[in-house]
Amino acid sequence: MLKINILPEQLRNQISAGEVVERPSSIVKEMIENSIDAGAKKIVIELIQGGLKLIKINDDGCGMSPEDTLMSLERYATSKIKNLEDLQNIQTMGFRGEALASIASVSKMTIQTRIEDNLSGVEIYAEGGKIMKQSPIGMNIGTSIEVRDLFYNTPARLKFIKNEKTEYQDILDILTDATLAWPNVAFKLIKHSEESTDIETGELKEEKSNIVLDLPATEDLSVRIQGILGNNISNELISIYYGGVNVKIDGFIGKPALSRANRNQQFFFVNHRPIKSYVLSYAVKQAFHSLLPKERYPVFIINFHIDPSLVDVNCHPRKTEIKFHDEKEIFRVLSMSCKKALEENVLMPKFNRENINYYQEKSAKGLGFVEFQNLESKEKISVKVAEINETSPVQIDEEKIDQSFQVEDFSEKEMIVLAQLDKSFILCQYGRDLVLIDQHAAHERVRYNLMMENALNEEMAIQPLLMPINFELALGDQEVLNNNKVILDQLGVKIEHFGGNTFAISEVPSFMTKLNLENLILGLVDDLKMIKDYGDSHNVNAFKGDLFARKEKILTYMACRSAVKFGDELSHIEMISLIDQLNKTKEGKATCPHGRPTMIILESDELWSRFGRKYPGFFENEKFRGINC
Ligand code: ADP
Ligand code: MG
């Protein structure tokens, strides 16, 4: 056996540096946190070679006394906690007292710092954690720390660093977190290109520097979001709020259309600390329910304000994870507040069937034509309508047809059905804008919500069928049906086995009686079989313990199977009925149950600008007519 040695302090620091200061971005993170803890209101970060050559961070925080500056390079030296009680009630970003010591041990570090009480500051230069120089210096209150030649004395570590670009990208990610966590702190990032550094003196030549970020302090998180994540995101956010006794939540979630294929644009902050949490990310996703497809992830920037004694921030070396004492409750209130915000926010422009500015002069019942009159021009037009037949996939409520063309109170905008395109899209005029509606997606949403509402209604109205509808199933398919029979029963769809291959639908919810039930059930069996055959393992697992998820999936399929298809020609009345039904749909009318959009709006201003023109807005004025070229 070899003899046991106690390692010298510098080596100990270098070993522990591996945990805390993995790479340039983790140094930037630790140093920004120190500036924040020092009460800084402005932080300037300067970089050369993705931080490998230089990371310099300057702040206007409280600074350090000369004695504290020397102490700060010792391990476990911190001004932030004193005892176990403090550790359980952490109010600052840092608390372990190891970052500066670790960073210093693997770099050449210069600290310049001044506190308010002293007229001058102090400058300390250390190599590999060893203090080489100390002298007074004239400077403003605050701290400036330069970290040069990172890992110069640990070549093995340097090898693990990928390349300048990746490191720089990682630093940008850290800065994105920090700037979102602290909108009330101004941040500036300056990137110096290599040539702009004087190799002899190491001095930075400002004129070749590139200011990458310059974000002023703001009280308004949405202003900061706009500054760092851009207009595309900041324009499409819905604010959320929850005000509990122990936890408050605020921030923003992106509208469904903003969703991403990954979780990169998801930001959680617990008392300003950026954290990652798959569980809480799922809580938000769950609130979107059928507004997002399975493989899409919502964008969000969410803050938790929680009593520090109710979380453990000391459970991860880089402090990027956190333990909540009551995670279940956090999950619940987070999901609830996101859901509420989504429900309250109309996800598309509101329109009213009542505002259609044509009205019916004659009753449509049984007629091949309906005559409308344009209210403004008084001009009459005839529109061909399909005979109102009971099998129309868009269930037209005959009693409502009379009303459906009547003009009631005008509100701001009117929705006018213009035409059907490609037997697939309904074109409408909405105020001055053009709206294109995906007839299948729109109808799917209508049906899904209706079916879901019915499924959740304890007093579901069931209608026994006078003539049960018989259909046949192959042996393999019978198994699929049998496995889902309990759920179908609960949804009010009663199917009996007649023996052999024959089954009969004997009861359905009243609102479904007019559907083509045989097609619906055969289609549903096909859909359910697909999950089984092609191993949609996510869903199968989700189904196992979760009856609601299984029910929801079945409803999604039934909605799809019973909806108008592409290629179905729709009459004017059918289109109006469909839009009317969509308009009355409370939740999620902007997307189908799979999360695809039900409509696209081409704004009139956009249209004019695409033709190289600007809407003059004075057509009513006779004088300006005819001078449009
Ligand atoms: P911790 O942040 O966990 O306390 P650090 O090693 O990061 O440990 O820092 C050690 C101490 O140095 C801090 O507790 C703080 O007192 C001081 N310090 C570090 N950076 C700054 C700064 N930018 N401004 C003022 N004080 C600082
Ligand atoms: Mg620290």
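Start by selecting Phe151: with 0% relative accessibility, Phe151 counts as buried, because buried means under 20% relative accessible area, while exposed means over 50% and partly exposed lies in between, with a 1.4 Å probe and protein chains only. You will find Phe151 in the loop between β6 (142-148) and α6 (155-160). Those labels follow DSSP runs, numbered from the N terminus: helices are H or I runs of at least four residues, and strands are E runs of at least two. Now check the backbone of Phe151, where phi is near 60°, a positive value in a residue other than glycine. Most residues other than glycine have a negative phi.

Before moving on, keep in mind that this is a predicted model, where local features need pLDDT of at least 70, side-chain atom pairs count only at pLDDT 80 or more, and totals for chains, interfaces and linings use all residues. Residues are numbered from 1 along each chain as its sequence is written, chains are lettered from A and ligands numbered from 1 in the order in which they are written, and side-chain values use heavy atoms, with hydrogens and water left out.

**Next stop: another positive phi**

Select Gln49. Its loop runs between β1 (42-48) and β2 (54-59), and the phi of Gln49 is near 50°, again a positive value in a residue other than glycine.

**The ligand**

Now click on ligand 1 and show its surroundings. Which residues are the closest to ligand 1? They are Asn34, Thr78, Ser79, Lys80 and Gly97, out of 19 residues that surround the ligand. A residue counts as near a molecule or strand if one of its heavy atoms lies within 4 Å of it. By class, this shell has 6 nonpolar, 9 polar and 4 charged residues. Here Ala, Val, Leu, Ile, Met, Phe, Trp, Tyr, Cys and Pro count as nonpolar, Asp, Glu, Lys and Arg as charged, and the others, Gly among them, as polar. Colour two helices as well: α2 (24-37) and α5 (99-105) each supply at least two residues of the shell.

In Asp59, a side-chain N or O atom is 2.9 Å from a nitrogen atom of ligand 1. In Ser79, a side-chain N or O atom is 2.5 Å from an oxygen atom of the ligand. In Lys80, a polar side-chain atom lies 2.7 Å from an oxygen atom of ligand 1. On its own, ligand 1 has 530 Å² of accessible area, and the protein covers 93% of that. Such areas come from the Shrake-Rupley method with a 1.4 Å probe, and for residues only the protein chains shown count as cover.

Is Ala104 buried or exposed? Ala104 is buried, with a relative accessible area of 0%.

Next, show strands β4 (residues 121-127) and β5 (residues 130-137), which run antiparallel and are joined by 7 bridges. Two strands pair if DSSP finds at least two bridges between them. The strands form a hairpin with 2 residues between them, and Gly128 in the turn has a positive phi of about 55°. Look across from Glu127 and you will see Lys130 in β5.

**A cluster of rings**

Select Phe268, Phe300, Phe304 and Phe324, which ring pairs link into a cluster. The structure holds 6 aromatic pairs. Rings of Phe, Tyr and Trp (its six-membered ring) pair if their centres lie within 6.5 Å; planes under 30 degrees apart count as stacked, over 60 as edge-to-face and the rest as tilted. The rings of Phe268 and Phe300 have centres 4.6 Å apart and planes at 40°, so this pair is tilted. Phe268 sits in strand β11 (residues 266-270) and Phe300 in strand β13 (residues 300-306), 32 residues apart. Phe268 counts as buried at 3% relative accessibility, and Phe300 does at 0%.

Phe268 also forms a tilted pair with Phe304, at 5.7 Å centre to centre and 45° between the planes. Phe304 is buried too, with a relative accessible area of 0%.

**Last stop**

Finish at Gln478 in helix α14 (residues 475-483). The side chain of Gln478 makes a polar contact with the side chain of Asn501 (3.1 Å). A polar contact is a pair of N or O atoms within 3.5 Å; within protein, one must be able to donate a hydrogen and the other to accept it, and residues adjacent in sequence count only if both atoms are side-chain atoms.
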